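Please look over the sequence and the model shown here before reading on.

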Amino acid sequence: MNIRTLTFKGGTHPPHSKKATESLPIERANEPKVVVIPMQQHIGAPCEPIVQAGDEVKVGQKIGEAKGFVSVPVHSSVSGKVAAVEPRLYSGGTAVPCIVIENDMQNTVSDQVVPKGDISVLSAEDIKNIIKEAGIVGMGGATFPTHVKLAPPPDKNVDTVILNGAECEPYLTSDHRLMLEHPENVVFGLQALMKALGVKKGFIGIETNKPDAIEKVFEAARGIEDIEVVALKTKYPQGAEKQLIYACTGREVPSGGLPADAGVVVNNVGTAAAVATAIKTGMPLIERIVTVTGAGVNNPKNLLVKIGTSFKDIIEQCGGLKGKAGKIIAGGPMMGITQFSLDIPAIKGTSGILVLSEEEARLPEPSNCIKCGKCVETCPINLMPVNISMYSLADRYDEAEALNAMDCIECGSCSFVCPAKRPLVDSIRVAKREILARRKKAQSK
Amino acid sequence: MENSRFIVSSSPHIRSGETTQRIMLDVIIALMPALLAGVFYFGFSSLTLTAVAVVFAVATEAVMQKILGKPVTVNDLSAVVTGILIAFNVPVTLPLWMAAVGSIFAIAIAKQCFGGLGYNFINPALAARAMLLASWPVRMTAWVAPGADAVSTATPLAILKGGEAAGQALPGLWDMFIGNIGGCIGETSALALIIGGAYLLYRGVINIRIPVSYIGTVAVLTFLFGGFDSSAMIYHVLAGGLFLGAIFMATDYSTSPITPKGQIIFGIGCGFLTSVIRFYGGYPEGVSYSILLMNLAAPLIDKYTMPRKFGEVKKSA
């Protein structure tokens, strides 16, 4: 195996905390009695429900129609009866329109679900359409509609597709298990994405703490000339889009620009596998692998979960909460979103459900900044987090902007390393929001 | 499974084990070899003097924070570090009360009056040394030779400089390296200071930029200024608290730049000033004033050495 090991500058080394689930095979979760499927599971315009209470729906049937280009349809993950179409809480923290479906446990598959045929006969347009109609979004957590990434502006010269198998977030192992158990789908998905974009170079980047996954994917891609499997140094945030592009190609995405400006489109390995499923079987994105883990869960697992299954159901299948749980996080510990309720559904972007114990969840008390400069050294964008943060806390947003606050990718490395436990990325987020609001205000004048 | 109350906060949800207290503890540990060397060469009174400086530094911090109505944070151990460094920067013959005055000045004036930990703009221990040197210059330069009988002596740099100390024999290089020479309590043993510095590097408390650029600059400039005399260069590098300053004082977080490039400029600046003071200034020494002067420049250096951001677009003319 001749594999290059690549990396980026800066970053940090949080404990991996993946031992609990990395060697557990993916298990299919129990059929949920009820699913709650949000119409907004992606970045962009929410979907319009196209079913009503009382309607019968089948597995894979489209139930929400995309509104606009930056939007994707939503499908039923079960067969059964629509109980309600109403706003429900979801992991974004607000209530959004949701379709509530009572599962009839029959798993009757919709006749809309048909294999799309051999990839060699599909055109680039066909593939893009299949991807859009299958409701596929970025499954690393950002949930950006995949077909939009596949339609870069004509002036951008995209020549490379990178699959992100870094899984640099601690605790999460869903991508790891996917690459071990279905490497052929990952490679197939990448080939489809490359064909859709008409590019000749594909990378699959995997962190070195998953040598077994590197090996499996390498084997699966053996003999395919256009695809290079690369090892990535285990370092956070290796899977951040700009850092990954730099590691694989040596190109820097220009400040304020998109990956396409560097000639690259990045997709998660999970997204590629969903593309493969959509082409091979015709089944849209209705389920995903979720790592359920953390000290607050009795039996951590990698579960294949139907979209719309509640966090409560999922955690119950993992032996329930252990002791008094402190934090429930949708996603990983570095960038995941804390939840105040378990009555929320798993969605397309739910890569993990992490439960921290009360002890782990205790918020650290910030003390004086000692100006150690560790945040400067660790920032993967080469910003000076301490200075941006100080300006932000003093409501001096113009100065924060001058220090490139808007370039912050919010990876949280600065807050992680800070010995004084300062709220660095928190205050930078506030600055970013303020700066954006001011720009909008200035524009409307 | 009841829906109990969960903590909601913004990410990241995990933090490194690094704390301010742990960093300060590492610095204290790193200063121990030099303290042992001080006790070994200058006797038990080195320890007494250090203890007095530490006690007064910590007490002053607590009292000042009470007066200013701030939470008392002596647990962060930063005042302990300052106390030790003050003792390291004075001769063992200094009366104990003077060391106490130094500690009070360092913490009350140089540190707490400017906002406490992280906000002071000059190194408190060096500010105290400068104050003591200005107030009691004779006491502050009453050097004794290592050993039990406390024979008064001159420092190697004073001998090199000439003047009243001229004519005394220069110590051998090995004695210079291990610290068997006259000088301040903590500055004489380059060996002990290097051991401490290596520990700090290993622990990631400091990086090599400031020490290497500082000591390197002194080496190069004293070689040039000294007329390409390599033995004089080695004396300059090993003598006069350069290692103490470069490893433990110039690397002080709050008073040195935070940008990588800035730290190198800072080290070079310290080295330049030290060499100039030693060759062309009135003092045989120079480390403490160089660092103090560069402390003042640190914010400016940071401002002009902001790292190039990732993906920076070149401004087209």
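**From the core to the backbone**

The largest nonpolar core has 142 residues, of which Val186(A), Val217(A) and Ile314(A) touch the most other members; such a core is a set of buried Ala, Val, Leu, Ile, Met, Phe, Trp, Tyr and Cys residues joined through C-beta atoms within 7 Å. Helix H5 (residues 183-197) of chain A gives the most to this core, contributing 9 residues, where helices (H or I, at least four residues) and strands (E, at least two) are DSSP runs numbered from the N terminus. A residue is called buried if 20 or more other C-beta atoms lie within 10 Å of its own, exposed if 12 or fewer do, and partly exposed in between, with C-beta atoms placed from the backbone. Leaving aside residues up to four places away in sequence, Val186(A) touches Leu163(A), Leu178(A), Met179(A), Ile204(A), Val217(A), Val269(A), Ala272(A) and Ala273(A), a contact being a pair of residues whose C-beta atoms, placed from the backbone, lie within 7 Å. Another core, of 86 residues, lies apart from it and includes Val54(B), Val58(B), Val81(B) and Leu273(B).

This is a predicted model, in which local features need pLDDT of at least 70 and side-chain atom pairs count only at pLDDT 80 or more, while totals for chains, interfaces and linings use all residues. Residues are numbered from 1 along each chain as its sequence is written, and chains are lettered from A and ligands numbered from 1 in the order in which they are written.

Chain A is assigned domain 1 (29-113 + 284-360), domain 2 (114-280) and domain 3 (374-444), with bounds that come from an automatic or database domain assignment. The centres of domain 1 and domain 3 of chain A, taken over C-alpha atoms, are separated by 32 Å.

Chain B has 14 helices and 0 strands, and 52% of its 317 residues count as buried. Its C-alpha trace spans about 85 × 55 × 35 Å along the principal axes. Within this chain, helix H3 (residues 78-88) is mostly covered, since 11 of its 11 residues are buried. The buried residues of H3(B) pack against helix H1 (20-42), helix H2 (45-67), helix H4 (96-111), helix H5 (124-135) and helix H12 (242-249) of chain B.

Where the two chains meet, the contact takes 57 residues from chain A and 35 residues from chain B. On the side of chain A that touches chain B, at least two residues each come from helix H9 (311-317), strand S16 (325-330), strand S17 (337-339), helix H14 (413-417) and helix H15 (424-444), and S16(A) gives the most, with 5 residues.

Some backbone details remain. Most residues other than glycine have a negative phi, and most peptide bonds are trans. The peptide bond from Tyr236(A) to Pro237(A), however, is cis, with omega near -10 degrees, and Pro237(A) lies in the loop between strand S12 (227-232) and helix H7 (241-249) of chain A. The bond from Ser11(B) to Pro12(B) is cis, with omega near 0 degrees, and Pro12(B) lies in the segment before H1 of chain B. Tyr171(A), which is not a glycine, has a positive phi of about 75 degrees, and Tyr171(A) is buried, with 33 other C-beta atoms within 10 Å. Phe228(B) has a positive phi near 60 degrees, but Phe228(B) is exposed, with 9 other C-beta atoms within 10 Å.
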